[in-house]
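Open the model in your viewer and keep the sequence panel beside it. Each stop below says what to select and what is there.

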Amino acid sequence: MVSERNLSKKVCVIGAGPAGLVAARELRREGHEVVVIEQKHDVGGQWLYDSKVEEENPLGKNQFLKVHSSIYASLRLISPREIMGFTDFPFGGKKGRDMRRFPGHNELLLYLQDFCDTFGLREYIRFNTRVENVEMLDYPVLDKEHLKWVVKSKAEKEVEEVYDAVVVATGHYSQPRLPAIKGMDAWRRKQMHSHIYRVPDPFKNEVVVVVGSSLSGQDISMELVNVANEIYLSSKSLDVSQGLSKVIAKYDNLHLRPQIESLHEDGKVIFNDGSWIIADTIIYCTGYSYSFPFLDTKGIVRIDDDRVGPLYEHTFPPSLAPSLSFIGIPRKLIGFPFFESQAIWIAQLLSGKRSLPSWDDMMQSIKEFYDSRDAAGIPKHYTHDICEFEYCDKYADYIGFPHLEEWRKVLCISALVNAESNLETYRESYEQDEEMLQVAYSSTHFTQQGPQDSTL
């Protein structure tokens with residue numbers, strides 16, 4: 001439902017990464033008073049590279065992590081730059097910077113800094129400030145329309161403030177997700193999660209086991225072949241992509257192994273097929289879990305095996321919305337435009353322009369979604385893995401947001417297919433995309449702000 005009301009709310013946005021920045025912009029555009037709280041010294045969130053990882057627990061077992069970013073020094077984007085930009089702020093190449101289609105991580109940080117400065121967002125951000133606690137004021141509140149939130153944050157001193165609404169935009173690539181392996185706690189050699197991997201040098205002449213063959217596991221294994229003696233890539237399935245098979249065949253010191261059966265104090269690693277090795281280091285490239293250690297909803301919003309819920313459309317807890325919302329929970333979609341659509345919906349709900357369905361209808365929608373995932377045999381911890389453009393378009397329809405352009409979809413799929421076949425070269429070789437790139441760069445997305453430097 002749409003109305004002409006235009007209420008101004010005091011809103012706290014937690015995090016100044018991509019989701020937090022676009023939330024701040026859309027909230028300001030809708031007339032709200034915005035405070036963004038960011039624990040680091042600059043914007044960027046995950047894309048603000050942090051080389052100082054020595055004080056972090058190597059397996060990420062601290063409740064409040066000291067290191068937020070999981071970016072390693074050599075990381076390059078896995079998606080082409082042209083599909084990533086916000087709808088009215090294209091991620092084009094700029095002369096004097098990294099002009100590649102799949103640039104290094106710092107180029108995306110510069111894009112986010114440009115976005116922040118172009119829209120004058122920096123003045124609303126409190127840097128070097130950690131959110132310690134977020135809870136409801138005067139709980140229980142029978143009328144959620146009058147629900148307010150107490151936010152405790154700390155820079156030099158602790159501050160407690162009351163807000164009409166809180167938007168959680170803290171990302172989901174920081175809290176390590178670890179496997180349960182027999183003997184893991186007793187193993188005395190080096191174990192670490194890829195969250196704190198930065199450069200290959202510390203692993204020179206070592207025997208390294210990399211657990212997990214998804215994106216970071218592949219990247220880190222390929223980087224280690226030049227410094228480590230042997231790398232054993234432990235994978236759930238030995239039926240790996242053609243691209244990874246090519247890489248393993250190319251390097252004599254890179255070996256594919258099944259999952260680990262057990263670890264032993266003397267450094268022995270036994271795999272499920274009975275083979276074993278003596279390793280110096282184990283790197284767990286096993287993904288990340290959702291974590292909101294600052295958030296107290298009295299059990300209304302819970303994390304159960306990486307299912308954050310209940311959330312209507314992965315954004316709104318029915319009992320607390322719209323005063324509490326989450327941006328950036330869904331994974332495996334084209335992120336920035338989706339974050340933008342989430343931010344617009346939240347801003348318009350808070351101003352009274354739009355309204356959510358009834359509590360019953362939202363809860364029924366969530367139940368139907370969970371049931372559909374269960375029926376499809378999708379494990380609970382993949383609840384927020386979307387993997388479909390149609391969902392982004394359906395979400396956009398709630399607010400009249402434009403659907404993803406066809407060229408974004410085609411170029412996204414092309415990069416994924418190319419990486420499956422040519423893991424080492426897909427970022428440099430993409431002749432099949434030339435025609436669609438011409439379509440992209442002549443579209444209104446790239447021409448709306450005048451000519452852009454491009455990689456064409």
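Two strands count as paired if DSSP finds at least two bridges between them. Helices (H or I, at least four residues) and strands (E, at least two) are DSSP runs, numbered from the N terminus. This is a predicted model: local features need pLDDT of at least 70, side-chain atom pairs count only at pLDDT 80 or more, and totals for chains, interfaces and linings use all residues. Residues are numbered from 1 along each chain as its sequence is written, and side-chain values use heavy atoms, with hydrogens and water left out.

**Stop 1: the parallel sheet**

Select residues 10-14 and 165-168. These are strand 1 and strand 7, which pair in the parallel sense over four bridges. Pick Cys12 and look across to strand 7: the bridge partner is Val166.

Now widen the view. The open sheet has five strands in the order 3-2-1-7-21, with parallel pairing. Which strands stand at the edges? They are strand 3 (125-126) and strand 21 (324-326). Each has a single partner strand, so one side of each is left without a neighbour in the sheet.

**Stop 2**

Select strand 13 (residues 260-263) and strand 14 (residues 268-271). Three bridges join strand 13 to strand 14, and the two run antiparallel. Leu263 has Val269 as its bridge partner in strand 14. Four residues lie between the strands of this hairpin, where Gly267 takes a positive phi near 95°.

Lys268 has Ile278 as its bridge partner in strand 15. This hairpin also has four residues between the strands, and Gly274 takes a positive phi near 90°.

Show the side chains of strand 14. In a regular strand the side chains alternate between the two faces of the sheet. In strand 14 the covered face holds Val269 and Phe271, and the uncovered one holds Lys268 and Ile270.

**Stop 3: Ser262**

Stay in strand 13 and pick Ser262. Is Ser262 buried or exposed? Its relative accessibility is 3%, so Ser262 counts as buried. Buried means under 20% relative accessible area, exposed over 50%, partly exposed in between (1.4 Å probe, protein chains only).

Show contacts, meaning heavy atoms within 4.5 Å. Not counting residues up to four places away in sequence, Ser262 touches Ile181, Lys182, Lys268, Val269 and Ile270. The side chains of Ser262 and His264 are joined by a polar contact of 2.9 Å. A polar contact is a pair of N or O atoms within 3.5 Å; within protein, one must be able to donate a hydrogen and the other to accept it, and residues adjacent in sequence count only if both atoms are side-chain atoms.

**Stop 4: salt bridges**

A salt bridge here is a side-chain nitrogen of Lys or Arg within 4 Å of a carboxyl oxygen of Asp or Glu. By this rule the count is 33.

Select Asp306 and Arg177. They form a salt bridge, with the closest N and O atoms 3.1 Å apart. Asp306 lies in the loop between strand 19 (302-304) and strand 20 (307-309), and Arg177 in the loop between strand 8 (175-176) and strand 9 (190-193), so the pair ties together parts that are 129 residues apart in sequence. Asp306 is buried at 4% relative accessibility, whereas Arg177 is partly exposed at 24%.

Next, select Arg189 and Asp280. Their side chains meet in a salt bridge (3.8 Å, N to O). Arg189 is in the loop between strand 8 and strand 9, Asp280 in the loop between strand 15 and strand 16 (281-284), 91 residues apart. Arg189 is partly exposed at 34%, and Asp280 is partly exposed at 29%.

Then try Asp296 and Lys298, a salt bridge with the closest N and O atoms 3.1 Å apart. Finish with Arg25, Glu26, Arg29, Asp88 and Glu340, which salt bridges with shared partners join into one network.

**Stop 5: Ser442**

Select Ser442, in the loop between helix 9 (434-441) and helix 10 (444-447). Ser442 is exposed, at 53% relative accessible area. A polar atom of the Ser442 side chain lies 3.1 Å from the backbone oxygen of Val439. Now pick Tyr284: the C-alpha atoms of Ser442 and Tyr284 are separated by 43 Å, and the two are 158 residues apart along the chain.
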